[in-house]
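This report goes through one protein model, from its sheet to its core, its aromatic rings and one of its helices. Please keep the sequence and the structure in view while reading.

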Amino acid sequence: MAAATATKRRRWSPLTCIASTPLSPSGLIILESDDGEVETLVRTNVELRYEGSGPLPPLPPTGPTAPCESWNACDVNLSIHITTHRIVFFDERDAMAGSIPLALVQTASPSGGPSFRSPRSSYKIELSTYAWGNLIIVFRGGESSSYPQSAKDRDESMSVIDRALKRKAWRDKERNVMREALRPSTAIAARKVGVDAIMTKNQLRHRENAALAEAAFASSTEATRSPGVSSVLKKKNNESNLAEIDAFLGEASELIKVIEKYAATIERERAAASADGTPSSEKDTAKLVGMLENMGMTSALSEKQSGSMYHKQLARQLVDFLRHKDKLSQAGGMMTLTDVYCLFNRARATNMISPDDLLKATDLMKELHLGLSKRVFASGVAVIQDDAFDDETMAKRLADLATQSIESQSATHRESVGGITAMDVSRALKISALLAYEHLLSAEQRGWVCRDVTIEGIRFFPNLFITGDYSFYQLSS
């Protein structure tokens, strides 16, 4: 009876009835990268309501069956993540997410706002869906709960949803297959065989890719000309720019492939030029970098797109990045902020973050319970470390290294004094010398090693007052 009482009931609300959405270990929404899904907007403090008669049917349980709670037609304190394919709602408190595929949205329209009878009526978006009927998104003004901010959040979200519904990016995969079949290079190469077919296809594809890139560069150049136009022309340009952006996004997936080819080609040319000692042309590189800056990264939102969620999203991205392929574990469970900053920005290419953004994101890691946190040593060195990292274990490991250095010196009868330096620890643990020195200082404070300062530098030895083993230093009879 007590066991049945202790069973946790499943939540039953609109969030648990819409499509379930997987999350990364740090709580980021996993995008469908194979289908070219891109996250375009994030806003906080929203509600999801169901206005139909009766409750929605709950999703079937994935684990052990548990009874549902009583029906609640409104989910509060959610964040909304709008992508090119879905509208995702995330509950940070319960670490769960649900999504409404845009392919299942029949209509989306703004509603609410101040009126004569209700001067502070909530700003909403009404969704008519094929699968769940009528759902309402209510905006509460972000973390500040500001009424003017709720109006801005609603309008920006409505604009992004409208563009996504017009573009229908979820159909890009089918369109790309059809476009690939209709490409002149595919049709012409199909009439040839052997090596001739391969060479002809590559040549034609190179011409098509070059034409696509030139068209993109030309539109980018024209958009930046004539800075002193009149206000009327500026308004018209802004309207036409929205249409150009939608058209540009329609070709984004194909254009990214072209850019990747250009990037690889430029890297090869640079490597060949440096090997031959001849200067390489920077014209193509400047074009490529400018284009990438305009596009940004598909997997990383900017501060404008993320709003007040930016640094929380960045903290989660950092954790996923450091967990990927065990980067942090291979570095000994700890990495300096300078190393993290360089590695992370290199992975983000041109969509780089500032040092201030990194500091704010790392300060939020402990609060978000992501398994990593920021630590500042007494010397002022700041690092990101795994919460499972144990200073006592590291100190014992360094004491063992110091003991091994003495044993090795005794076995070979060398005249070296033994002991370990920061460089020895750096090589042994494959970490930076700065971090190795901090580990040695921490081990010294815990009493596992002691230092010997000479004109040659600082060497650390096992603390014999703890081990009680003086056999290495006994005088021979």
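Two strands pair if DSSP finds at least two bridges between them. Helices (H or I, at least four residues) and strands (E, at least two) are DSSP runs, numbered from the N terminus. The model is predicted, so local features need pLDDT of at least 70 and side-chain atom pairs count only at pLDDT 80 or more, while totals for chains, interfaces and linings use all residues. Residues are numbered from 1 along each chain as its sequence is written, and side-chain values use heavy atoms, with hydrogens and water left out.

## The sheet

Strand β4 (residues 86-91) pairs with β5 over six bridges, in the antiparallel sense. Within this pair, Phe89 stands opposite Gly98 in β5. Four residues lie between the two strands of this hairpin, and Ala95 takes a positive phi near 50° there.

Where do these strands belong? They are part of an open sheet of eight strands, in the order β1-β5-β4-β3-β2-β8-β7-β6, with antiparallel pairing. Which strands stand at the edges? They are β1 (19-20) and β6 (105-112), each with a single partner strand, so one side of each is left without a neighbour in the sheet. Strands of a sheet pair through backbone hydrogen bonds, either parallel or antiparallel.

The partner of β1 is strand β5 (residues 96-101), and this antiparallel pair has two bridges. Ala19 stands opposite Ser99 in β5. Further along the sheet, strand β2 (residues 39-50) and strand β3 (residues 74-83) run antiparallel and are joined by seven bridges. Here Val42 is opposite His81 in β3.

## The core

A nonpolar core is a set of buried Ala, Val, Leu, Ile, Met, Phe, Trp, Tyr and Cys residues joined through side-chain atoms within 4.5 Å. Buried means under 20% relative accessible area, exposed over 50%, and partly exposed in between (1.4 Å probe, protein chains only).

The largest nonpolar core has 29 residues, and those that touch the most other members are Ile18, Ile80, Phe89, Ile100, Leu127 and Ile137. At least two residues of this core come from each of α2 (14-17), β2, β3, β4, β6, β7, β8 (133-139) and α3. Helix α3 supplies the largest share, five residues.

For Ile18, contact (heavy atoms within 4.5 Å) is made with Leu48, Leu59, Phe89, Gly98, Ser99, Ile100, Trp132 and Leu135, leaving aside residues up to four places away in sequence.

Ser13 is in the loop between α1 (2-6) and α2. Is Ser13 buried or exposed? Its relative accessible area is 1%, so Ser13 is buried. With residues up to four places away again left out, Ser13 touches Trp71, Asn72 and Asp75. Ser13 and Pro55 are 42 residues apart in sequence, with 8.1 Å from C-alpha to C-alpha.

## Aromatic rings

Rings of Phe, Tyr and Trp (its six-membered ring) pair if their centres lie within 6.5 Å; planes under 30 degrees apart count as stacked, over 60 as edge-to-face and the rest as tilted. The whole structure holds four aromatic pairs, including the two in this table.

| Pair | Centre to centre | Angle between planes | Type |
|---|---|---|---|
| Tyr123 and Tyr147 | 5.3 Å | 45° | tilted |
| Phe321 and Phe344 | 5.3 Å | 70° | edge-to-face |

Tyr123 lies in strand β7 (residues 123-129) and Tyr147 in helix α3 (residues 147-167), so their pair ties together parts that are 24 residues apart in sequence. Tyr123 is buried at 12% relative accessibility, and Tyr147 is buried at 16%.

Phe321 belongs to helix α11 (residues 310-323) and Phe344 to helix α13 (residues 337-348), so this pair ties together parts that are 23 residues apart in sequence. Phe321 counts as buried at 16% relative accessibility, and Phe344 does so at 5%.

A charge sits over a ring if NZ of Lys or CZ of Arg is within 6 Å of the ring centre and within 35 degrees of the ring normal. The charged end of Arg120 sits over the ring of Tyr147, 4.4 Å from its centre. Lys327 lies over the face of Phe321, 4.5 Å from the ring centre. Elsewhere, Trp12, Tyr50 and Trp71 form one aromatic cluster.

## Helix α17

The buried residues of α17 are Leu435, Ala436, Glu438, His439, Leu440, Leu441, Ser442 and Ala443. Just after this helix, Gly447 takes a positive phi of about 85°.
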